[in-house]
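Me: Hi! I have a protein open on my screen and would like to talk it through with you. Could we go over it together, one topic at a time?

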Amino acid sequence: MNLWRRLSGRNRALALTSAGVLVAGGLVTLPVTAAQAATQCSVTYTTSDWPGGFTGTVTIKNIGDALTSWNLGFTFPNSSQRVVNGWSARWSQSGQNVTAQNESYNGALASGASTTIGFNGSWSGSNPKPTQFTLNGTVCNGGTPTTSTPPTSTPPTSTPPTSTPPTSTPPTSTPPTSQPPPGQRVDNPYAGVKGYVNPEWKAKAESVSGGNRVSNNPTAVWLDRIAAINGTPDSSSNGAMGVREHLDAALAQGAGYIQFVIYNLPGRDCSALASNGELGPDELPRYKSEYIDPIAAIQGDTKYRNLRIVNIIEIDSLPNLVTNTSGNAGGTVMCDTVKANGAYVNGVGYALAKLGAIGNVYNYIDAAHHGWIGWDSNFGPVADQLKAAAVASGSTVANVQGFIVNTANYSALKEPYVKITDTVNGQTVRQSKWADWNQYLDELSFAQAFRQKLVSIGFDSNIGMLIDTSRNGWGGSARPTGPGPSTSVDAYVDGGRVDRRFHTGNWCNQAGAGLGERPRANPETGIDAYVWVKPPGESDGSSKEIPNNEGKGFDRMCDPTYTGNARNGNNMSGALPDAPISGAWFAAQFQQLMQNAYPPLS
């Protein structure tokens, strides 16, 4: 997985919500009068409050003539109320007056159409709701906000309720005519809440001596075939729990977020074998109806509306269309096929649109890693490919919360002793064999730069990046403590780099790797979270061919005796021996990951 293609030649959002977020629920629905002109509208305004702060969600419905652009205005009743940051609109505030102008992708509103925007705010004293809204200068009728019934008991101490959400959330004076909408999106789903600990992974981790030191970290649930939706009790690479069971367990734990890996595209992993999927390259209809639709139906259950559901969308897929098709070193027929028939682009677009329609779902698209697309020849084209998928099959960029890098890979988070700008004896670090003219040496610098590129081509300015740090710690006795010797640029780089692989193209069960940074929110500017999307101890692929009925093939990059290919500079694979098939538990690897953890385990 995460294959490399060799080149020839916030502080973002406010760290939101404490563990005791209470949905204030005040609902303001403002109809217009027939006397008003062609612009007519209704506005629904709700907030989720906590001490000193809140998240506001505003739904604008156009009930007049079609609009090509819009400008929403309202006034905060309390002079202390401020918009801190917002999304899906260009927010500004002057005194108590707030304005939200449409983005390029949501300016058109047909008659009867709606759009939802939001912001994080601050307040002191009280947080009353605006009583009047204007759209393009026309008042959406003044009126009195509908009051909601206050909670009858002390707010819960954990963010999501452990059963169905409290009945005080919807207004009780005017019951809604349909089910309550799903939970309202926040800027960073990881901020202020605890993550779901998969009990199946936890049990595996604790089966290894010392595993209880890390077994309570949140990890992602991989949905790598249709059967995994309902659970696969007889599988070696999935668990008996299905999507609904995991969601119910998350509620029972009082978790604030849960992570799923959406990973079953037609012709999946077109340039690898260890993680090939069950669907052929022409089976996009099955992907939609038998895989994405059932997942969306479960995640959209209002039972889970207060749980932040994070979907990691299709590992490795879209970068392959740039780097592993004809004309590239190691290009494959399968990659050519799925590029030509649109299976990847349309599959990802469909998944984004279907899952993104659920109000408490957050989609992050996989964006490879620095050792794959860090070269100028790959950097921009991959960004463009991600944009193409984000607007395919009825999707828009609004369905993309952000992107994830280094998924199931080993690239170091930071290289503390080697900088890409360093020069040794007149040669730059970029000229070293390790860098091979790449613009980046680690994942943090790459993720921050790639985020800026993605924003520049049309993604929302509030998108956040995730970095999978599950196996990129590179600690232990082999970790350098300073730069290498200055005798040559290669000696300098190889002696000082903490990433101890033979080559950045090596991706399978790497010997010497360690657990990386533990999962946490808002660790660096532009980074939503460090995450463990690849559960530590789950194999990347088998060291030798192992017959199975789970669609898992054998890739020589997982064979410790393999001497490599053009993609990894003809270096040894660096893989551990005796590994099971992809996704199966690999206790020996888990032991090594703990031994080499950085930061070290206590």
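Me: First up, how many helices and strands does the protein have?
Reply: There are 11 helices and 21 strands in the protein. Keep in mind that this is a predicted model.

Me: Got it. What share of the residues is buried?
Reply: Of the 602 residues in the protein, 59% are buried.

Me: Let's switch to disulfides. What is a disulfide, again?
Reply: A disulfide is a covalent bond that links the sulfur atoms of two cysteines.

Me: How many disulfides turn up in the whole structure?
Reply: A search of the whole structure finds three disulfides. Counting the bonded cysteines along the chain, they pair up as 1-2, 3-4, 5-6.

Me: Which cysteine does C41 pair with?
Reply: C41 is joined to C140, with an S to S distance of 1.6 Å. The torsion about their S-S bond is about -80°, so this disulfide is left-handed.

Me: Where do C41 and C140 lie in the chain?
Reply: C41 is in strand 3 (residues 41-50), while C140 is in the loop between strand 11 (138-139) and helix 1 (199-206), so the bond ties together parts that are 99 residues apart in sequence.

Me: Are they buried or exposed?
Reply: C41 is buried, with a relative accessible area of 1%. C140 is buried too, at 0%.

Me: OK, what about C270, which partner does it have?
Reply: C270 is joined to C335, S to S 2.0 Å. Here the torsion about the S-S bond is about 90°, so the disulfide is right-handed. C270 sits in the loop between strand 13 (257-262) and helix 3, and C335 in helix 5 (residues 333-340), so the pair ties together parts that are 65 residues apart in sequence. Both C270 and C335 are buried.

Me: And C508, what is it joined to?
Reply: C508 is joined to C558, with the sulfurs 2.1 Å apart. The link of C508 and C558 is right-handed, with 100° about the S-S bond. C508 lies in the loop between helix 10 (489-496) and strand 20 (520-524), and C558 in the loop between strand 21 (527-531) and helix 11 (587-595), so parts that are 50 residues apart in sequence are tied together. C508 counts as buried at 0% relative accessibility, and C558 is buried with a relative accessible area of 0%.

Me: New topic: salt bridges. Why can side chains pair up like that?
Reply: Side chains of opposite charge can pair when their charged atoms come close.

Me: How many salt bridges does the structure hold?
Reply: It holds 15 salt bridges. One of them is between D248 and K303, whose closest N and O atoms are 3.0 Å apart. D248 lies in helix 2 (residues 243-253) and K303 in the loop between helix 3 (284-299) and strand 14 (308-313), so the pair ties together parts that are 55 residues apart in sequence.

Me: How accessible are D248 and K303?
Reply: D248 is partly exposed, with a relative accessible area of 27%. K303 is also partly exposed, at 33%.

Me: What does K354 pair with?
Reply: K354 forms a salt bridge with D293, and their closest N and O atoms are 3.8 Å apart. This pair links distant parts of the chain, with K354 in helix 6 (residues 343-356) and D293 in helix 3, 61 residues apart. K354 is partly exposed at 35% relative accessible area, and D293 is partly exposed at 23%.

Me: What about R501 and D499, buried or exposed?
Reply: R501 and D499 are both buried. Their side chains meet in a salt bridge of 2.8 Å, N to O.

Me: Which residues does the network with R286 link?
Reply: E283, R286 and E290 are linked in a network of salt bridges.

Notes
Residues numbered from 1 in each chain as written. Predicted model: local features only at pLDDT ≥ 70, side-chain atom pairs only at ≥ 80, totals over all residues. Heavy atoms only, no water. Salt bridge = Lys/Arg side-chain N within 4 Å of Asp/Glu carboxyl O. Helix = DSSP H or I, 4+ residues; strand = E, 2+ residues; numbered from the N terminus. Buried < 20%, exposed > 50% of the residue type's maximum accessible area, 1.4 Å probe, protein only. Disulfide = S-S within 2.5 Å.
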